[in-house]
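Visitor: Please show me the structure, and then take me through how its features are read.

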Amino acid sequence: EVELRDAAGNILGVDVSVLLEQSGVLCCPTCPCTVGLTGTSAMYRPEGSAVFSSLSLSAAGVDFALRFTASHPSAFSVVSPSFSVTAAPAHRLALTVTPSCPGGVAGGSSIA
């Protein structure tokens, strides 16, 4: 949940966009960062806060940050603290083609 407030502490009910940065560099299709960010559409609560409930990164990495930008007449941005994403270990193996083994393979045997 993101709340953008003015100097008096009032929530600004304005649209908010979110972009991904890595090591201080903005990630975009033509940038050196190769990680994608999806789920960037916000749901807005009546009091004006923006909720990004389905943000997702396409790959693991280090030194990421999220840049939130208000579509306010004096558009401004705020950057989150940096974070890292670690890939989870594989939990299953799938064969996409049937292995061909002369004479067949007994259950529990290795496939070479």
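Visitor: Is E21 buried or exposed?

Guide: Buried means under 20% relative accessible area, exposed over 50%, and partly exposed in between, with a 1.4 Å probe and protein chains only. E21 has a relative accessible area of 8%, so E21 is buried. This is a predicted model, in which local features need pLDDT of at least 70 and side-chain atom pairs count only at pLDDT 80 or more, while totals for chains, interfaces and linings use all residues. Residues are numbered from 1 along each chain as its sequence is written, and side-chain values use heavy atoms, leaving out hydrogens and water.

Visitor: Which side chain does E21 meet in a salt bridge?

Guide: Side chains of opposite charge can pair when their charged atoms come close. The criterion for a salt bridge is a side-chain nitrogen of Lys or Arg within 4 Å of a carboxyl oxygen of Asp or Glu. Here E21 pairs with R67, at 2.6 Å from N to O. E21 lies in strand β1 and R67 in strand β7, so the pair ties together parts 46 residues apart in sequence. R67 is partly exposed, at 27% relative accessibility.

Visitor: How many salt bridges does a search of the whole structure find?

Guide: The search finds two. One of them joins R45 and E1, also with an N to O distance of 2.6 Å. R45 sits in the loop between β4 (43–44) and β5 (50–51), and E1 in the segment before β1, 44 residues away. R45 is partly exposed at 34% relative accessibility, and E1 is exposed at 56%.

Visitor: How many helices and strands make up the secondary structure of the chain?

Guide: Helices (H or I, at least four residues) and strands (E, at least two) are DSSP runs, numbered from the N terminus. This chain has zero helices and nine strands.

Visitor: Which residues have the most contacts inside the largest nonpolar core?

Guide: In soluble globular proteins, nonpolar side chains tend to be buried together. A nonpolar core is a set of buried Ala, Val, Leu, Ile, Met, Phe, Trp, Tyr and Cys residues joined through side-chain atoms within 4.5 Å. The largest one here has 16 residues, and V2, V16, L20, F52 and F68 have the most contacts inside it. β1 (16–22) and β7 (61–70) each supply at least two residues of this core, and β7 gives the most, with four.

Visitor: What is V16 in contact with, leaving aside its neighbours within four places in sequence?

Guide: Contact means heavy atoms within 4.5 Å. With those neighbours set aside, V16 touches V2, L4, Y44, A50, F52, F68 and T69.
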